[in-house]
Amino acid sequence: MLKHCLCGEEMSLGLRTVIFARKVNINNVPVYNCPGCGRNDVFPGIKEDVGKLVGQLGAKPTPGSIPFDQVHEWAGVLSQALNDSDSLQATAIAKATEERIDRLLDLLLIASSLEDEAWKSEIHMRLSQLSAQYVS
Ligand SMILES: [Zn+2]
């Protein structure tokens, strides 16, 4: 989970609101922050998904806010881990990830037994969002 800033300080991972086109608040986006120089970096594994979301909003988005932790599983897991402890600890994140994956696999069993293809592919998409963290 640790990352060092260009300035040499250790960055900390947290959930922040990213404002897009001055109109849309994207809440609970995983972002690394540097206490030394104030630099913010969107968590590498989710950059592409934030980009996709912004792409869907288009050039003239309707003002409002989007709870990213409900759109993206990894943000959801981090938000769960933050609920369980005051700061984001690797162990709490690992526990929350494991629980969420177990839950999604349970759902996948139900979706399979119902032969609900649309639901199954949605669950596969959510599971892949959780593995994106390792890609970074
Ligand atoms: Zn820095």
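**Entry 1: helix 1**

I began with helix 1, where Asp49, Val50 and Leu53 are buried. Buried means under 20% relative accessible area, exposed over 50%, and partly exposed in between, with a 1.4 Å probe and protein chains only. These three cover an arc of only 105° around the axis, so they sit on the same side of helix 1. I took the arc from the directions that run from the helix axis to the C-beta atoms. On the other side of helix 1, I found Lys47, Glu48 and Gly55 exposed.

I then looked up what covers the buried residues of helix 1. The cover includes strand 3, strand 4 (40-42), strand 5 (64-67) and helix 2 (68-71). Just after helix 1, Gly58 has a positive phi of about 80°.

**Entry 2: ground rules**

I noted that this is a predicted model, that local features need pLDDT of at least 70 and side-chain atom pairs count only at pLDDT 80 or more, while totals for chains, interfaces and linings use all residues. Residues are numbered from 1 along each chain as its sequence is written, and side-chain values use heavy atoms, with hydrogens and water left out.

Helices (H or I, at least four residues) and strands (E, at least two) are DSSP runs, numbered from the N terminus. Contact means heavy atoms within 4.5 Å.

**Entry 3: overall layout**

I counted 5 helices and 5 strands in the protein. Along the sequence the pattern reads β-β-β-β-α-β-α-α-α-α. The C-alpha atoms fill a box of roughly 50 × 40 × 25 Å along the principal axes. Of the 136 residues, 35% count as buried. Among contacts between residues at least 6 apart in sequence, 47% join residues at least 24 apart.

**Entry 4: the zinc site**

Which residues coordinate the zinc ion? I found Cys5 (SG), Cys7 (SG), Cys34 (SG) and Cys37 (SG), at 2.3 Å. Donors are N, O and S atoms within 2.8 Å of the metal (3.2 Å for Na, K and Ca); water is not among the atoms, so sites may look incomplete. Along the chain the donors follow the spacing C-x1-C-x26-C-x2-C.

The 4 donor atoms subtend angles of 104 to 118° around the zinc ion, which makes the arrangement tetrahedral.

Cys5 is buried, at a relative accessible area of 8%. Cys7 is partly exposed, at 44% relative accessibility.

**Entry 5: strand pairing**

Two strands pair if DSSP finds at least two bridges between them. Strand 1 (residues 3-4) pairs with strand 2 in the antiparallel sense, over 2 bridges. His4 stands opposite Glu10 in strand 2. The two strands form a hairpin with 5 residues between them, and Gly8 in the turn has a positive phi of about 100°.

Strand 2 and strand 3 are also antiparallel, over 8 bridges. Here Ser12 stands opposite Asn33 in strand 3. This hairpin has 3 residues between its strands.

**Entry 6: positive phi in the loop**

Most residues other than glycine have a negative phi. I therefore looked at Ala21, which has a positive phi of about 50° although it is not a glycine, and which counts as partly exposed at 41% relative accessibility. Ala21 lies in the loop between strand 2 and strand 3.

Arg22 is in the loop between strand 2 and strand 3 as well. Its phi is near 60°, again positive in a residue other than glycine. Arg22 is exposed, with a relative accessible area of 81%.

**Entry 7: the nonpolar core**

Which members of the largest nonpolar core touch the most other members? Of its 31 residues, they are Val29, Ile46, Phe68, Trp74 and Leu78. Such a core is a set of buried Ala, Val, Leu, Ile, Met, Phe, Trp, Tyr and Cys residues joined through side-chain atoms within 4.5 Å.

The elements that give two or more residues to this core are strand 2 (10-20), strand 3 (24-33), helix 1 (47-57), helix 3 (73-84), helix 4 (90-113) and helix 5 (117-135). Helix 4 gives the most, with 6 residues.

Leaving aside neighbours within four places in sequence, Val29 is in contact with Gly14, Leu15, Arg16, Val18, Val42, Ile46, Val50 and Phe68.

**Entry 8: Arg126**

Is Arg126 buried or exposed? Arg126 counts as buried, at 18% relative accessibility. I placed Arg126 in helix 5. Not counting residues up to four places away in sequence, Arg126 touches Gln70, Val71, Glu73 and Leu104.

Notes:
Four donors count as tetrahedral if all angles lie between 85 and 135 degrees; four count as square planar and six as octahedral if opposite donors are over 155 degrees apart and all others between 65 and 115; anything else is irregular.
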